Amino acid sequence: MSTILETKNLCKFYGAKENEVKAVDKINIEIKEGEFVAIVGKSGSGKSTLLHMLGGLDTPTSGEVLLKGKELYKMKEDELAVFRRRKIGFIFQAFNLVSSINVWENIVLPIGLDGKKVDTEYINDIIETLGIEKKIHNLPNTLSGGQQQRVAIARALASRPDILFADEPTGNLDTKTSDEVIALLKMSAKKYGQTIVMITHDDEIAQVADRILIIEDGRVVNFK
Ligand code: ADP
């Protein structure tokens, strides 16, 4: 399996001198194509800081992030913005759906923004896989939290990103719904060969991953 994402001595420090916080401290990780990796750690361990840097959203203090061999932070800001839109997908805790347009329109929105053609057959397959085919004409606020997150997963898969980052994707859901949503995320990732990096503070949710990285005080301390 080829490496899709790699970090080299990745660091993010905040503050100076005695106030310095090493939010991410020399992290070296490698993610293979098609892998589902969970990054687990307590609150304040550095998960969000790491995820933002992996996803091209936050500049490191030092070190490198390479996506398909391309170093993210060597790119100019506008080049990185385009690269991020084309190659990187996100699923957020708060779903982040557009409330004024229906489910179908939400799912195809990023494809349209990027000027690509919508592959209706593929999108319908994703929608059926996630069990939201009866909801495509609904507005997001008429759906339950679990259904909204399934729409956000469909939207993320629809544009076939090279890598998909999930930031506490079940953080707003009850336990039963979390289990259902995470199982669907795992199943659809495998079906479509989607590489996923998910951060969570929840050990049980992390169990669906192919591989678990544990982060403590900005360092990866254990591989499972
Ligand atoms: P997690 O996502 O695991 O809860 P974070 O990545 O949010 O952890 O935070 C890691 C550490 O970095 C914490 O000590 C946090 O207080 C600190 N931190 C995060 N963002 C900032 C910031 N903008 N300024 C100063 N310190 C920060």
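This is a predicted model: local features need pLDDT of at least 70, side-chain atom pairs count only at pLDDT 80 or more; totals for chains, interfaces and linings use all residues.
**View A. The shell of residues around the ligand.**

Zooming in, the side chain of Thr 49 places an N or O atom 2.5 Å from an oxygen atom of the ligand. Lys 47 also takes part through its side chain, with a polar atom 2.9 Å from a ligand oxygen. At Ser 45 the backbone is involved: one of its N or O atoms lies 3.1 Å from an oxygen atom of the ligand. The ligand exposes 570 Å² when taken alone, and the protein buries 57% of that.

**View C. A nonpolar surface patch.**
Here is a spot to look at from the outside: Val 98, Leu 109 and Leu 113 make up a nonpolar patch on the surface, and together they have about 240 Å² of accessible area. Val 98 sits in the loop between β7 (88–92) and α3 (103–113). With a relative accessible area of 32%, Val 98 is partly exposed, and it qualifies for the patch because the cut-off is over 30%.

The model holds 15 salt bridges, and a few of them are shown here. Asp 114 and Lys 116 meet through their side chains at 3.8 Å, N to O. Is Asp 114 buried or exposed? Asp 114 counts as buried, at 12% relative accessibility, whereas Lys 116 is partly exposed at 38%. Both belong to a salt-bridge network that also links Arg 85 and Arg 86.

Elsewhere, Asp 210 pairs with Lys 186, their closest N and O atoms being 3.9 Å apart. Asp 210 lies in the loop between α7 (203–206) and β10 (211–216), and Lys 186 in helix α6 (residues 175–192), so this pair ties together parts that are 24 residues apart in sequence. Asp 210 also forms a salt bridge with Lys 190, with 2.8 Å between the closest N and O atoms. Lys 190 is in helix α6 too, so here the tie joins parts 20 residues apart in sequence. For anyone inspecting the surface, Asp 210 is partly exposed at 40% relative accessible area, Lys 186 is partly exposed at 23%, and Lys 190 is partly exposed at 40%.

Key:
Residues are numbered from 1 along each chain as its sequence is written. Side-chain values use heavy atoms; hydrogens and water are left out. A polar contact is a pair of N or O atoms within 3.5 Å; within protein, one must be able to donate a hydrogen and the other to accept it, and residues adjacent in sequence count only if both atoms are side-chain atoms. Accessible areas come from the Shrake-Rupley method with a 1.4 Å probe; for residues, only the protein chains shown count as cover. Patches are made of residues with over 30% relative accessible area and no salt bridge: like charges are joined within 9 Å, nonpolar side chains (Val, Leu, Ile, Met, Phe, Trp, Tyr) within 5 Å. A salt bridge is a side-chain nitrogen of Lys or Arg within 4 Å of a carboxyl oxygen of Asp or Glu. Helices (H or I, at least four residues) and strands (E, at least two) are DSSP runs, numbered from the N terminus. Buried means under 20% relative accessible area, exposed over 50%, partly exposed in between (1.4 Å probe, protein chains only).
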